[in-house]
Amino acid sequence: MTERLYRADPYLLEFEARVRARTEHEGRPALVLDRTAFYAESGGQPWDTGTLRAGPHVWRVVAVVEAEEGARHVVEPQAPVPTPLPDEGATVSGVVDAERRRDHRQQHHGQHLLSRAFVETARARTVSFHLGARECTVDLDREVNAAQVAAAVRRANEVVWEARPVSVRVVSRAEAATLGLAVPDEAGDAVRLVNAEGFDLQPCGGTHPRSTAEVGVVLALGHERHKSGSRVRFACGLRAVALAEEQQSLLRAAGALLSTGPEGVPEAVARALEQLAEAGRRVRVLQEQSIDGEALRMLAEAGAPAGPCVITRVVDGWDASLLRLLATRLTDRAGVVALLATRGETVQLVFARSEDLVLDVGALLQETLRPLGGRGGGRGRVAQGGCPAAAGLEDALARAAAAARP
Ligand SMILES: [Zn+2]
């Protein structure tokens with residue numbers, strides 16, 4: 001097995017170790033060491049990264065995973081030069097990426113505080129934790145609302161700002177049980193406890209800070225229903241600051257487009273949406289007027305007939321509702337059958353007849369669409385349908401016109 005130096009000192013970034021085995025992990029070279037300061041992924045906390053040096057050769061540690069034989073350090077050469085893997089028994093020196101380790105200390109300890117705060121403020125227990133590349137999440141066993149999230153975040157931040165000492169101790173499983181702690185089976189007989197003084201005591205193998213103050217700040221990013229409880233998204237420390245800056249800059253950019261500052265964005269967006277809706281209503285009125293004109297033109301083209309007539313028309317890119325409106329306008333007068341189609345991503349058809357005619361436009365539409373692989377129907381004066389493509393459309397309409405002619 002591998003001795004885990006990070007358990008005793010989560011601030012240790014440099015160490016020396018011996019190679020116990022050269023191995024592979026999912027097809028990539030890996031080293032098992034007799035001791036390591038690299039955290040191996042577990043308990044929702046991702047692995048550390050960094051470097052391992054053996055003589056003149058430097059390897060990047062790109063993943064650290066738990067295996068039966070110990071912690072596997074998955075490595076790749078730092079530079080594109082021949083880099084032989086160190087032999088078994090060789091000494092290597094490791095350097096853990098400091099920023100990533102600090103980030104993980106902030107997120108993971110922030111999670112402990114937030115989870116405890118949810119127990120206090122909402123009696124909600126954490127059933128799982130995920131430390132993602134961008135955000136962290138905790139899944140709670142009961143649903144929480146926005147006010148409960150705000151209360152828990154407030155409480156967690158208070159504990160951060162109180163700068164309570166954080167300590168680690170190892171107890172037996174029996175002793176952990178007397179403290180009322182639920183210890184996962186994989187923890188074994190020696191249970192490592194992380195204590196945020198006077199606030200939270202948890203079995204945990206992660207890397208935690210010396211003081212709650214190091215978490216910096218706990219920021220909620222949102223919450224949603226998840227299974228029978230809630231999933232709360234959050235970020236702590238420098239990550240929270242970076243996310244807040246990112247959101248500020250998005251708001252500034254949105255504000256610039258709307259000629260206002262970040263605070264004015266919601267009101268300006270509401271105003272712009274109202275203007276857009278009003279413009280849409282005006283466009284609709286103009287479209288209807290233009291449809292009226294179009295109907296008159298088409299009837300004139302058909303010779304403004306005194307007797308019954310069939311009008312066929314294919315247009316491009318119309319909304320089906322406008323096509324329906326045109327069909328209604330054309331058939332408002334006596335003796336007209338309108339067979340209309342619009343070509344866009346798909347083809348839409350509207351067949352209509354005047355009140356005084358007896359044609360079954362629904363049946364005619366179905367018959368017309370069948371060879372085109374489309375479907376449609378309707379009862380009474382108007383029928384509507386569609387087909388996937390325009391090939392054969394003109395011929396089909398010509399046949400329909402012939403069938404409809406009185
Ligand atoms: Zn933990």
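Are tyrosine 6 and tyrosine 39 buried or exposed? Tyrosine 6 is buried, and tyrosine 39 is too, where buried means under 20% relative accessible area, exposed means over 50%, and partly exposed is in between, with a 1.4 Å probe and protein chains only.

Okay, ground rules before I go on. This is a predicted model, so local features need pLDDT of at least 70 and side-chain atom pairs count only at pLDDT 80 or more, while totals for chains, interfaces and linings use all residues. Residues are numbered from 1 along each chain as its sequence is written, and side-chain values use heavy atoms, with hydrogens and water left out.

Back to the rings. Searching the whole structure gives two aromatic pairs; the rule is that rings of Phe, Tyr and Trp (its six-membered ring) pair if their centres lie within 6.5 Å, with planes under 30 degrees apart called stacked, over 60 edge-to-face and the rest tilted. For tyrosine 6 and tyrosine 39, the centres are 5.1 Å apart and the planes sit at 65°, so that one is edge-to-face. Tyrosine 6 is in helix H1 (residues 5-8) and tyrosine 39 in the loop between strand E4 (35-36) and strand E5 (50-54), so the pair ties together parts 33 residues apart in sequence. Helices and strands here are DSSP runs numbered from the N terminus: H or I with at least four residues for helices, E with at least two for strands.

Then there's phenylalanine 15 with phenylalanine 38: ring centres 5.8 Å apart, planes at 75°, so edge-to-face again. Phenylalanine 15 lies in strand E2 (residues 14-25) and phenylalanine 38 in the loop between E4 and E5, so this pair ties together parts 23 residues apart in sequence. Both phenylalanine 15 and phenylalanine 38 are buried.

One more ring to look at: tyrosine 11. The charged end of arginine 105 sits over that ring, 4.1 Å from its centre, and the charged end of arginine 210 also sits over the ring of tyrosine 11, 3.6 Å from its centre. "Over" needs NZ of Lys or CZ of Arg within 6 Å of the ring centre and within 35 degrees of the ring normal.

Next up, the metal. Which residues coordinate the zinc ion? His108 and His112 do it through NE2, and Cys204 through SG, at 2.1 to 2.3 Å. Donors are N, O and S atoms within 2.8 Å of the metal (3.2 Å for Na, K and Ca), and water is not among the atoms, so sites may look incomplete. Along the chain the donors of the zinc ion are spaced H-x3-H-x91-C. Histidine 108 is in helix H2 (residues 98-122), while cysteine 204 is in the loop between strand E13 (200-203) and strand E14 (218-226), 96 residues apart. Histidine 108 and cysteine 204 are both buried.

On to salt bridges: a search of the whole structure finds 29, counting a side-chain nitrogen of Lys or Arg within 4 Å of a carboxyl oxygen of Asp or Glu. I've picked a few. Arginine 239 bridges to aspartate 103, with the closest N and O atoms 2.7 Å apart. Arginine 239 is in helix H5 and aspartate 103 in helix H2, so this bridge ties together parts 136 residues apart in sequence. Arginine 239 and aspartate 103 are both buried.

Arginine 329 forms a salt bridge with aspartate 292, closest N and O atoms 2.4 Å apart. Arginine 329 lies in helix H7 (residues 320-330) and aspartate 292 in helix H6, so parts 37 residues apart in sequence are tied together. Arginine 329 is partly exposed at 29% relative accessible area, and aspartate 292 is partly exposed at 31%. There's also a salt-bridge network linking Glu120, Arg154, Arg155 and Glu158.

Last bit, backbone. Most residues other than glycine have a negative phi. Glutamate 26, though, has a positive phi, near 50°, and lies in the loop between E2 and strand E3 (28-33). At 69% relative accessibility, glutamate 26 counts as exposed. Serine 259 is another non-glycine with positive phi, about 55°, in the loop between helix H5 (237-257) and H6. Serine 259 is exposed, with a relative accessible area of 69%.

That's it from me.
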